[in-house]
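Open the model in your viewer and keep the selection panel at hand.

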Amino acid sequence: METTQVRVESGRTEVVRMSNGELRKNFLVEDLFAQDQIKWVYSHYDRMMIGGAAPGTAPLDLETQPVLRTPYFLERREMGVVNLGGKGIVEVEGEDFGLEKLGGMYLGRGTRRVQFRSESASDPALFYLLSAPAHQAYPTVCLTQAEAGPMTIGHPLTANQRTIYKYIHPEGVQSCQLVMGVTVLSAGSVWNTMPTHVHDRRMEVYCYFDLPEHQRVLHLMGEPHETRHLWLTNHQAVISPPWSVHTGCGTSHYSFVWGMAGENQDYTDQDPIDLSSLR
Ligand SMILES: O=C[C@H](O)[C@@H](O)CC(=O)C(=O)O
Ligand SMILES: [Zn+2]
């Protein structure tokens, strides 16, 4: 059984004084994907769990974690899945669901048996996972990227043109508190979530992917008047406290999975930040 890494919350005054190393230790999630393992980070912000399942030839079973003190992982939780790799299979209570790259799933509270598999070990699946506490059971749903209602925003002239795919949200796949989707930057565009925003009612996690090996994303966090930066590579995730901006600029275009938990599920409930107030 894998042990989960726990990330406690940090106060805003504490974050202002953090060195870059301390910021990374608290907010950056490195090495989420390790072959033949399911890895978890447990954040105290809204008790969001951030996971990576990387099955090779052998299947991987979703196991409960000591930190949960529950007989099975989803006893009191829900989970969202997005496949960032080659074709994969998620077996839920004995039923197989095939996920191409960027296929997604929602697994409801009370789901006991979950197994992750790669169709081919030479092009393995990479399942990115988010899990939040849940008060009721919503049905298991599997959907393709095309079914996730794309919306293109931004403009090439401001280098922020991107397509937002919403997977788990009130008008799509139902959940208790999880809201989850994927944002794909257009070629030539490098800025995500710009103009930026905060939503004090929900924490958020970004997991960057499809970032070429030698390229980087400069991710910005912190209160709008005290922003801090972290340099990220492909397949790294970053935790955003509810009071923090979460925006980034790449040395190339890239994609990321975003996911939130907290007070409400309204995607449009974002407090935009006037760029003139950023420091
Ligand atoms: O609250 C919503 C999240 O920050 C993301 O969906 C924003 C995003 O993907 C983008 O603008 O590029
Ligand atoms: Zn946001």
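Start with Glu204, which sits in strand β18; strands (E, at least two residues) are DSSP runs numbered from the N terminus. The model is predicted, so local features need pLDDT of at least 70 and side-chain atom pairs count only at pLDDT 80 or more, while totals for chains, interfaces and linings use all residues. Residues are numbered from 1 along each chain as its sequence is written, and chains are lettered from A and ligands numbered from 1 in the order in which they are written.

Glu204 is buried, with 24 C-beta neighbours inside 10 Å; the cut-off is 20 or more other C-beta atoms within 10 Å, with C-beta atoms placed from the backbone. Select its contacts (C-beta atoms within 7 Å): leaving out residues up to four places away in sequence, Glu204 touches Ser240, His246, Trp258, Gly259 and Met260.

Next, select His197, His199, Glu204 and His246, where an unreviewed UniProt entry places the feature "binding site"; such annotations may be inferred rather than shown by experiment. They span 50 residues in sequence, but no two of their C-alpha atoms are more than 11.6 Å apart, so they gather at one spot.

Stay on His199, in the loop between β17 (197-198) and β18. Its contacts, residues up to four places away in sequence not counted, are Pro242, Asp269, Gln270 and Asp271.

Finally, select Met48, Ile50, Cys207 and Tyr208, the residues with the most contacts inside the largest nonpolar core, which has 73 residues. Strand β18 (residues 202-209) gives this core its largest share, 6 residues. Such a core joins buried Ala, Val, Leu, Ile, Met, Phe, Trp, Tyr and Cys residues through C-beta atoms within 7 Å.

Conventions: Buried ≥ 20, exposed ≤ 12 C-beta atoms within 10 Å, placed from the backbone. Helix = DSSP H or I, 4+ residues; strand = E, 2+ residues; numbered from the N terminus. Contact = placed C-beta atoms within 7 Å.
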